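Trainee: I have a new model open on my screen and would like to learn how to read it. Could you take me through it feature by feature?

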Amino acid sequence: MWLHPRSRLTGLPEVTGVRKLWFSGWYDGPTTGLALFDSSEYWFVMVTADEPGRTWDYDPRVYLLHRLTGSQLARAWAEHRTAALAGLPGCLHKPACPTDVRAPAESPAGMWERWAEQEDQFASAPAVGWFRNTERL
């Protein structure tokens with residue numbers, strides 16, 4: 001699971017009007033995924049509270065937005081659709097992706113293994129700002 005320390009927020013603006021489209025990581029709520037902001041799609045990664053004596057999670061949660069290239073966005077959407085087709089959760093957009101849990105193309109473990117490598121690249125992309133979670137799932 002990819003998470004960023006609070007120090008990653010330094011020098012970045014807080015933005016509003018962000019809408020999560022789908023998630024790939026989840027721990028009591030989305031931790032990573034794709035979001036829409038200002039008519040563009042960005043990768044979001046949850047920020048942890050790293051101060052001594054604090055819980056690891058903010059309330060509301062805080063996320064960092066990363067700018068992806070066109071090819072990274074296409075790859076992320078393809079992986080998301082593959083996961084949805086296999087019946088894995090993640091769609092927050094309407095209409096949701098089609099599912100067919102009868103015959104997944106590959107195992108969920110294989111999909112998550114591939115995601116780990118891609119999320120490393122996505123979470124290392126240039127950060128453009130951060131936002132506070134305003135929606136409850």
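Mentor: We will go from the overall layout to one strand, then to rings, cysteines and one asparagine.

Mentor: Some ground rules: this is a predicted model, in which local features need pLDDT of at least 70 and side-chain atom pairs count only at pLDDT 80 or more, while totals for chains, interfaces and linings use all residues. Residues are numbered from 1 along each chain as its sequence is written, and side-chain values use heavy atoms, with hydrogens and water left out.

Trainee: How many helices and strands are there in the protein?

Mentor: Helices (H or I, at least four residues) and strands (E, at least two) are DSSP runs, numbered from the N terminus. Here the protein has two helices and six strands, and their order from the N terminus is β-β-β-β-β-α-α-β.

Trainee: What share of the residues counts as buried?

Mentor: Buried means under 20% relative accessible area, exposed over 50%, and partly exposed in between, with a 1.4 Å probe and protein chains only. By that rule, 44% of the 137 residues are buried. The accessible surface, from the Shrake-Rupley method with a 1.4 Å probe, where only the protein chains shown count as cover for residues, comes to about 7600 Å². Carbon and sulfur atoms hold 53% of that surface.

Trainee: And what do contacts tell me about the chain?

Mentor: A contact means heavy atoms within 4.5 Å. Among the contacts with a separation of 6 or more, 62% are between residues 24 or more positions apart.

Trainee: Which strands pair with β4?

Mentor: Two strands pair if DSSP finds at least two bridges between them. Strand β1 (residues 4–5) runs parallel to β4, with two bridges, and P5 has T48 as its bridge partner there. Strand β3 (residues 30–37) is antiparallel to β4 over six bridges, with G33 opposite F44.

Trainee: How many residues lie between β3 and β4 in their hairpin?

Mentor: Two residues, and D38 in that turn has a positive phi of about 55°.

Trainee: Is β4 mostly covered or mostly open?

Mentor: Mostly covered: seven of its nine residues are buried. When you look along a strand, keep a general idea in mind: in a regular strand the side chains alternate between the two faces of the sheet.

Trainee: How many aromatic pairs does a search of the whole structure find?

Mentor: Rings of Phe, Tyr and Trp (its six-membered ring) pair if their centres lie within 6.5 Å; planes under 30 degrees apart count as stacked, over 60 as edge-to-face and the rest as tilted. The search finds seven pairs. One of them joins W22 and W43, whose ring centres are 5.8 Å apart with planes at 70°, so this pair is edge-to-face. W22 sits in strand β2 (residues 19–26) and W43 in strand β4 (residues 40–48), 21 residues apart, so the pair links distant parts of the chain. W22 is buried at 0% relative accessible area, and W43 is buried at 0% too. Another pair, F37 and Y42, is tilted, at 6.1 Å centre to centre and 50° between the planes. F37 is buried at 18%, and Y42 is buried at 10%.

Trainee: Which residues form one aromatic cluster?

Mentor: W22, W43, W77 and F122 form it.

Trainee: How many disulfides does the structure hold?

Mentor: A disulfide is a covalent bond between the sulfur atoms of two cysteines. The cut-off used is a pair of cysteine sulfur atoms within 2.5 Å. This structure holds zero disulfides. C91 is in none, and its nearest cysteine sulfur, that of C97, is 3.6 Å away. C91 is partly exposed at 26% relative accessibility, whereas C97 is buried at 13%.

Trainee: Finally, which residues does N133 touch?

Mentor: Not counting residues up to four places away in sequence, N133 touches K20, P60, R61 and Y63. N133 lies in the segment after β6 (127–132) and is buried at 12% relative accessibility. P60 is 73 residues away along the chain, but the two C-alpha atoms are separated by 5.6 Å.

Trainee: How long is the polar contact between the side chains of N133 and K20?

Mentor: A polar contact is a pair of N or O atoms within 3.5 Å; within protein, one must be able to donate a hydrogen and the other to accept it, and residues adjacent in sequence count only if both atoms are side-chain atoms. The one joining N133 and K20 is 2.3 Å.
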